Number of protein chains: 2
Amino acid sequence: MSRIQEVNGGVTAPLGFKANGVRCGIKRKGKDLAIIYSDVPASAAGLWTSNKIKAAHIYLDKRNIKSGIAQVIVANSGNANCCNGKAGIEDANLVTQAAASHLNLKPSMVLVASTGVIGKRLPVQKISSAIPMLIKGMNRRGSHDAACAIMTTDTVPKEIAVRFNLKGRTVTIGGIAKGSGMVSPDMATMLSFITTDAAIPPDNLKAALSVAVEKSFNRITIDGDMSTNDTVLMLANGASNMRMDEKDDSFSIFYKGLEYVAVSLAKMLVKDGEGATKFIEVNVRGARNETEANEVARKVSNSNLVKTMLYGGDPNWGRIAGSAGSAHVSIKEDILDIYIGDVQVMKKGAGTAFDRNKLRRLVNGKEARITIDLNLGNGSTTMWTCDLSEEYVRLNAEYET
Amino acid sequence: MSRIQEVNGGVTAPLGFKANGVRCGIKRKGKDLAIIYSDVPASAAGLWTSNKIKAAHIYLDKRNIKSGIAQVIVANSGNANCCNGKAGIEDANLVTQAAASHLNLKPSMVLVASTGVIGKRLPVQKISSAIPMLIKGMNRRGSHDAACAIMTTDTVPKEIAVRFNLKGRTVTIGGIAKGSGMVSPDMATMLSFITTDAAIPPDNLKAALSVAVEKSFNRITIDGDMSTNDTVLMLANGASNMRMDEKDDSFSIFYKGLEYVAVSLAKMLVKDGEGATKFIEVNVRGARNETEANEVARKVSNSNLVKTMLYGGDPNWGRIAGSAGSAHVSIKEDILDIYIGDVQVMKKGAGTAFDRNKLRRLVNGKEARITIDLNLGNGSTTMWTCDLSEEYVRLNAEYET
């Protein structure tokens, strides 16, 4: 067993994976079609939005992933293929079939994902025409192109990979993701694809992925809007010849690596949030349990007043108290403590005589940390969010046109 | 019985009420201290924020209103007197005592309210010094000055009064209110004071006020942030000599007048929401019950993506579907209908071939109407909100400094 080390290569860092990203013409410019391919059938797990309005690819993926085995992920940006009724599912199916046919696989081995504008039919012809080129170009360094091809309003591609040794063997986990608006807990408008060369049965993979997503993508929020398309897919192809065994420590080391990848990608999404100028960590402690801690952290992280305050760099900490107090959990005002960075701004429900200049410096940096101590119990959580700027409004007022 | 007619005069339109507003020096400029006074002890009712962090005046008012009788309301803007611990309650008490002493009343006859920045001690000395002048200037046309003196980021004072005849007698109800950020259902950052010369027992007044607030102030949202200071206070002094009797129609006529006043003020708050450029009505129908209809309307009304879309004037209706689908109520995608104005943009879960130019005109006006039909039952609701503009961000990034 060894420590977890970051390495280059994203989803193609693990053995036995290829990837590629090309332009097929859905977006006005830039690459918009990505593929991630395992040389052999892989254990597959997926998690999707809890929104009742779901993109077409989610219905398809849920069906295809039932076997626990898949081999390829095809994703497009620029069109969400959502709110298109049965036609949308047929369109997603056509993409699946086109990829399967060129790869000589059963369609059920193909997972698909879409992100972009809601309510427009998927341009299947453009995608199908580009698939031969997409597949031909797949390579062992293709992660970057794939990461670029899933971007919408993202300003940078998001990639990470980690490596660790287990019983003399090397295991690698890699991931890519895209944000960056409509991102909120309970799965955000985000796509993330994670690969590993560990050998792990589908059920264990699903269990590990669920916990890792709960601690990462479900702990971030950009604008509190829950997407219709959120998707995390993971493939584990066993190419490292290292079997994860729940009976020894290997599984927990593997889980730590997976959480590292997921948390790293989640933080990248927040840092590249639409219009974001600041990365904000919201810690809640002293809650009666973790659920209540999450509820308070979510309220504060989604508060437009807290987010604009941090954008403005003005330590109007009362907005943090007001927002925490509006959560549907029991809070006692007269034992509530609040900190910005390491400065206590509220003690037992009242303001403190803090150093205003020091505080101003703390909220004016690129990162800010808020800590709320409810002093009621041992429940705690951490959530990550960003500020709300004029640029967010501009971007979202002009998104479709 | 007669129809309800709008009249001038706000809270001083009903007989037996005086009001005034002066500058005592809390805000940088403008009037910041208001009074509303009944010539005789009046039935009194109040409703306050459900936020667990409450302004000091709320603790005091709840105690003083227990008798069901009060005679005067004193309100300041520029300072919320919230998060000040026990000192805050003592400060609010000092204001109560100062007003009571100058009016020769018991302190329990005085209700107080504050709005403004959280976490700064109330400048009691400034307020106490201004109280003699405030009281001396009270007059039968003072509603406008009182409405101005409770403004914070409001751009216009909000006043309304209605009059109707009952059994040959004339009854008047008047109100003033202030917004205009931190406004969200479950009582918003708003103060509203309502007066009437009807004679009505405190319990009946409270019941009528509760229903009217549920249909008005609890149906508006500006930014989804729930305030610590929300307060609605109502005084009924009986000066019209018209007793409201639950046994005949008079009570329901009275209630209709009260709802008219409350809804009018609530809509004024939304129209003057921070940075608002558009007034938006969100209708939800076909829900299984009203609670679920409210839940969906609230989600859509609070969605930054829907609000920025309407600000941009771009009919990206998928955001409405996505937002509705994220509400924690059962929604069936394949029977969901959505309209913007009278144009159906989504039918049975899929986009329609609507006239894009007509739709663009509909979302580019000063008012926009969204209707969501869940097609599941008979529950319906209406909620009012505004768009989210760059100006909102600017205002809230600079609020304290």
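How many residue pairs are in polar contact across the interface of chain B and chain A? In this predicted model, local features need pLDDT of at least 70 and side-chain atom pairs count only at pLDDT 80 or more, while totals for chains, interfaces and linings use all residues. Residues are numbered from 1 along each chain as its sequence is written, chains are lettered from A and ligands numbered from 1 in the order in which they are written, and side-chain values use heavy atoms, with hydrogens and water left out.

**View 1. Polar contacts between chain B and chain A.** The rule finds 16 residue pairs in polar contact across this interface, both residues at pLDDT 80 or more. A polar contact is a pair of N or O atoms within 3.5 Å; within protein, one must be able to donate a hydrogen and the other to accept it, and residues adjacent in sequence count only if both atoms are side-chain atoms. Between chain B and chain A there are 0 salt bridges (a side-chain nitrogen of Lys or Arg within 4 Å of a carboxyl oxygen of Asp or Glu).

**View 2. Area buried between chain B and chain A.** About 4,600 Å² is buried here, 54% of it from carbon and sulfur atoms (accessible area, 1.4 Å probe, that two parts lose on being put together, summed over both). In chain B, the most area is lost to chain A by Lys52(B), Leu305(B) and Glu333(B), together 14% of what that side buries.

**View 3. Helix 11 of chain A against helix 11 of chain B.** The two axes come within 8 Å and cross at roughly 170° (lines fitted to C-alpha atoms over the stretch in contact, with angles from 0 to 180 degrees between N-to-C directions). The helices are therefore roughly antiparallel (angles over 145 degrees). Glu390, Val393 and Arg394 of each chain make the contact (heavy atoms within 4.5 Å). Helices are DSSP runs of H or I with at least four residues, and strands are E runs of at least two, numbered from the N terminus.

**View 4. The salt bridge of Lys215(A) and Glu290(A).** Their side chains meet at 4.0 Å, N to O. Lys215(A) lies in the loop between helix 5 and strand 9 of chain A and Glu290(A) in helix 7, so the pair ties together parts 75 residues apart in sequence.

Conventions
Parallel < 35°, antiparallel > 145°, perpendicular 65-115°, else oblique.
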